Amino acid sequence: MKWIFTILLLVSAAGSCEPLNAKSKDWTEKERKLWHSYIALSTIDTIQTIRMIDCQKRPHCPLVEKNPILGKRPEKHDLIALKLVGNAIIYNLLDRDDVDREKALKWLNGTQAFVVTHNGFAWYKRF
């Protein structure tokens with residue numbers, strides 16, 4: 001539970017950070033809202049993965065991580081680092097002029113929503 005609060009605290013403390021606010025002058029209001037939705041879904045995915053990591057510490061936990069970068073039994077610090085670096089890279093790629101930002105953000109939101117939904121099914125199926 002303390003990790004959830006830590007993540008929420010970090011996200012709220014970094015709220016003035018440009019990548020979290022998407023305050024680039026070239027971004028439309030719709031693109032900013034899509035970015036915020038993506039960050040919210042990414043945070044939910046992070047919390048779900050932390051719950052899975054905690055489950056894996058107990059015997060007979062059937063949950064395994066499917067992200068090939070993290071491996072089947074990731075550590076929390078690796079997860080947080082991957083999320084922070086990955087989202088910063090995504091933001092920098094989206095902040096370029098030659099990108100169809102809205103289309104990319106819709107795709108990112110759809111993909112992240114699928115991951116969050118899949119995680120939820122996997123978590124509740126185990127009970």
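The model is predicted, so local features require pLDDT of at least 70 and side-chain atom pairs count only at pLDDT 80 or more, whereas totals for chains, interfaces and linings use all residues. Residues are numbered from 1 along each chain as its sequence is written, and side-chain values use heavy atoms, with hydrogens and water left out.

The secondary structure comprises five helices and zero strands, in the order α-α-α-α-α along the sequence. Helices (H or I, at least four residues) and strands (E, at least two) are DSSP runs, numbered from the N terminus. Of the 127 residues in the chain, 34% are buried; buried denotes under 20% relative accessible area, exposed over 50%, and partly exposed the range in between (1.4 Å probe, protein chains only).

The 19 residues of H4 should span 27 Å at 1.5 Å a residue, which agrees with the 27 Å between its end C-alpha atoms; the expected span is 1.5 Å times one less than the number of residues. Buried positions in H4 are Lys76, Leu79, Ile80, Lys83, Asn87, Tyr91 and Leu94. Viewed down the axis of H4, these buried residues fall within an arc of 95° and therefore line one face of the helix, the arc being that of the directions from the helix axis to the C-beta atoms. The exposed residues His77, Val85 and Asn92 are carried on the face of H4 turned away from the buried side.

Four aromatic pairs were found in the whole structure. Trp27 and Tyr91 form a stacked pair, with 5.4 Å between centres and 25° between planes. This pair links distant parts of the chain, 64 residues apart: Trp27 is in the loop between helix H2 (18–21) and helix H3 (29–56), and Tyr91 is in helix H4 (residues 76–94). Rings of Phe, Tyr and Trp (its six-membered ring) pair if their centres lie within 6.5 Å; planes under 30 degrees apart count as stacked, over 60 as edge-to-face and the rest as tilted. Trp27 is buried at 3% relative accessibility, and Tyr91 is buried with a relative accessible area of 3%. Trp27, Trp35, Tyr38 and Tyr91 form one aromatic cluster.

Eight salt bridges are present, each defined as a side-chain nitrogen of Lys or Arg within 4 Å of a carboxyl oxygen of Asp or Glu. Asp54 and Lys76 form a salt bridge with an N to O distance of 2.7 Å. This pair connects Asp54 in helix H3 with Lys76 in helix H4, 22 residues apart. Asp54 is partly exposed at 26% relative accessibility, whereas Lys76 is buried at 9%. In another salt bridge, the closest N and O atoms of Glu102 and Lys30 are 3.0 Å apart. Lys30, Glu102 and Lys106 are linked in a network of salt bridges.
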